[in-house]
Amino acid sequence: NKTIFRLPQIVQEIPIAQQEAIQKKNQKVSLQFEDENVETDYFVVREVLHRLLHNAHKFGTEKTLIDLK
């Protein structure tokens, strides 16, 4: 199901629980995406980004910078 959306829109939907876990490890997140429209499966892209962030947090050490570009 392709839809047109902006990538930063997905980033704003990071679950609160994930944000709290990142803060507990004193990790910082840097998200840099072009603010342009993309046409693809919104839910697949959202799931991939959430899993990337989750794994980076889970396997990263304390005070790590998680940088998604």
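**Exercises on cores and salt bridges**

Apart from its neighbours within four places in sequence, Ile66 is in contact (heavy atoms within 4.5 Å) with Gln27, Lys28, Val29, Ser30, Leu53, Ala56 and His57. The model is predicted, so local features need pLDDT of at least 70 and side-chain atom pairs pLDDT 80 or more, while totals for chains, interfaces and linings use all residues. Residues are numbered from 1 along each chain as its sequence is written, and side-chain values use heavy atoms, without hydrogens and water.

**Exercise 1.** State which residues make up the largest nonpolar core.

Step 1. A nonpolar core is a set of buried Ala, Val, Leu, Ile, Met, Phe, Trp, Tyr and Cys residues joined through side-chain atoms within 4.5 Å. Buried means under 20% relative accessible area, exposed over 50%, and partly exposed in between (1.4 Å probe, protein chains only).

Step 2. The largest such core has six residues: Val11, Ile14, Ile22, Leu53, Ile66 and Leu68.

Step 3. A second, separate core has five residues, among them Phe5, Leu7, Ile10 and Tyr42.

**Exercise 2.** Find the salt bridge partner of Asp35 and say where both residues lie.

Step 1. A salt bridge needs a side-chain nitrogen of Lys or Arg within 4 Å of a carboxyl oxygen of Asp or Glu. The count is three salt bridges.

Step 2. Asp35 pairs with Arg6, with the closest N and O atoms 2.8 Å apart.

Step 3. Asp35 is in the loop between β2 and β3 (37–41), and Arg6 in strand β1 (residues 2–6), 29 residues apart. Strands (E, at least two residues) are DSSP runs, numbered from the N terminus.

Step 4. Asp35 is exposed at 51% relative accessibility, whereas Arg6 is partly exposed at 38%.

Conventions
Helix = DSSP H or I, 4+ residues; strand = E, 2+ residues; numbered from the N terminus.
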